[in-house]
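Trainee: I have a new chain open and would like to go through its fold with you. Could we start with the overall picture and then move to individual residues?

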Amino acid sequence: MRDWRTDPAFAMCRALVDGADPASFAGGAFDVRAVVAGIMSGARSGLLLDAVPWGNFPHGGEARKAVHLLRIGGSPARWATDVLSGLCANDSRAAAALAVPFLIPIATDAHHPHRAAVLAVLSGPARARHFGVVSRDGLLLHRTDPRRHASDGYDDYGVEVTGYPAGWSVAAARAAITAEAAVFLPLLNDSDPAVRIGAAYALATAADLDHTVRTALVARFAAEHDAMVRAALLLAAAETTRAHAHPPTVRWLRERWQDRTQAPEVRLAAAVGWLCLTDEPAPEDLHQTIDTLATDERAHALDALPWMNAAAGSGEPGLRRCIRGMLHCEEPEPSDDPWVFSP
């Protein structure tokens, strides 16, 4: 086991914490953006894991092992995906971002046994601090503060728990997904609903300046029959619209939660997406829609959607936490501490 005192990843992060200028590391072997760009410029197949400087990034060895297990299609896939999602949940996503170029071929391989599971975690590092976030201005948001105009668009993310620049990790992951967006688009038509949901979740993090992703999501929604997938497509459309404003999509989402012919899961997802795209007060009919449709059973079922799963916490499903965070901010968050008793 490597001594943490001589670990290059620790040394780099410690230097930043001590005041070193991040620019002194930009473009080098400790810049995950540069390393991922180098991987992406190579051949898409046959990428050599050991050619990548995993050790230059916090928890790089864990991420490398997880990728290796997933590439060979081994049985401990749950462990591997849990490692990658856990790094993001613990605000240490640099190594997970480094894994993205290796995960994309797995996710888009129709014959790989773990492609749906990989799709569900692949875009985690492209979302900064999204676990447990349930506010209208925080859910579905790629940026920590879009009102600040940093020079490279990612400087205002701050640092991860390790001290690594959080914006570098997000930028690297999003750039990799954006570069391969074309290979994700056909997955929206896959026969497996879990793959369609995962594809929508990944595509929502791609830069979409020409609205190609949004157009594909809306088109798939028109043809989709599975209610849970339709809900995922709405949340994905809302997420990409947070990054690239599009007023018609805001109106479209409102029409979806107002449409009584839509499945309850669809209307609830549309309501959440609409709330995240506008600062208008929630109208009475939206309150009524949510109060009527958001049953406990349905809230737990919606945790199958990665957005809601990431929002869940304290033993409470994601939808319930979103409703409280968006519509009932005055309500305290429930505690899962067994030593806390109600009066």
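Trainee: How many helices and strands are there in the chain?

Mentor: The chain has 17 helices and 0 strands. Please bear in mind that this is a predicted model.

Trainee: And what share of the residues counts as buried?

Mentor: Of the 343 residues, 52% count as buried. As for contacts between residues at least 6 apart in sequence, 66% of them join residues at least 24 apart.

Trainee: Which residues touch the most other members of the largest nonpolar core?

Mentor: Those are L122, L305 and W307, in a core of 104 residues. Helix α5 supplies the largest share of this core, with 12 residues. In soluble globular proteins, nonpolar side chains tend to be buried together.

Trainee: What is W307 in contact with, beyond its neighbours within four places in sequence?

Mentor: W307 contacts R127, L140, A200, Y201, A204, A232, L235, A236 and E239.

Trainee: Back to α5, then. At what angle do α5 and α7 pack?

Mentor: Helix α5, residues 94-107, and helix α7, residues 166-179, pack at about 10°, and their axes are 8 Å apart. The two helices are therefore roughly parallel to each other, given that angles under 35 degrees count as such.

Trainee: Which residues meet there?

Mentor: From α5 there are A94, A97, V100 and I104, and they meet S169, A172, A173, A176 and I177 of α7. By class, this contact has 8 nonpolar residues, 1 polar residue and no charged residues.

Trainee: What about α3 and α5: how far apart are their axes?

Mentor: The axes of α3 and α5 are 9 Å apart, and the packing angle is about 10°. This pair is therefore also described as roughly parallel. On the α3 side the residues are G60, A63, V67, L70 and R71, and they meet A95, A99, F102, L103 and I106 in α5. The contact of α3 with α5 has 8 nonpolar, 1 polar and 1 charged residues.

Trainee: Moving along to α6, which of its residues are buried?

Mentor: Helix α6 spans residues 115-122, and its buried residues are R115, V118, L119, V121 and L122.

Trainee: Which side chain makes a polar contact with the side chain of E224?

Mentor: That is R196, at 2.8 Å. Beyond its neighbours within four places in sequence, E224 contacts R196, V229, R230 and L233.

Trainee: On backbone geometry, what is the phi of H59?

Mentor: H59 has a positive phi of about 65°, although it is not a glycine. H59 sits in the loop between α2 and α3 and counts as partly exposed at 37% relative accessibility. D91 is likewise not a glycine and has a positive phi of about 60°. D91 is in the loop between α4 and α5 and counts as buried at 16% relative accessibility.

Trainee: What does P22 touch, not counting residues up to four places away in sequence?

Mentor: P22 touches L16 and W168.

Conventions: Residues are numbered from 1 along each chain as its sequence is written. This is a predicted model: local features need pLDDT of at least 70, side-chain atom pairs count only at pLDDT 80 or more; totals for chains, interfaces and linings use all residues. Side-chain values use heavy atoms; hydrogens and water are left out. Axes are lines fitted to C-alpha atoms, for helices over the stretch in contact, and angles run from 0 to 180 degrees between N-to-C directions. Helices (H or I, at least four residues) and strands (E, at least two) are DSSP runs, numbered from the N terminus. Angles under 35 degrees count as roughly parallel, over 145 as roughly antiparallel, 65 to 115 as roughly perpendicular and the rest as oblique. Contact means heavy atoms within 4.5 Å. Ala, Val, Leu, Ile, Met, Phe, Trp, Tyr, Cys and Pro count as nonpolar, Asp, Glu, Lys and Arg as charged, and the others, Gly among them, as polar. A nonpolar core is a set of buried Ala, Val, Leu, Ile, Met, Phe, Trp, Tyr and Cys residues joined through side-chain atoms within 4.5 Å. Buried means under 20% relative accessible area, exposed over 50%, partly exposed in between (1.4 Å probe, protein chains only). A polar contact is a pair of N or O atoms within 3.5 Å; within protein, one must be able to donate a hydrogen and the other to accept it, and residues adjacent in sequence count only if both atoms are side-chain atoms.
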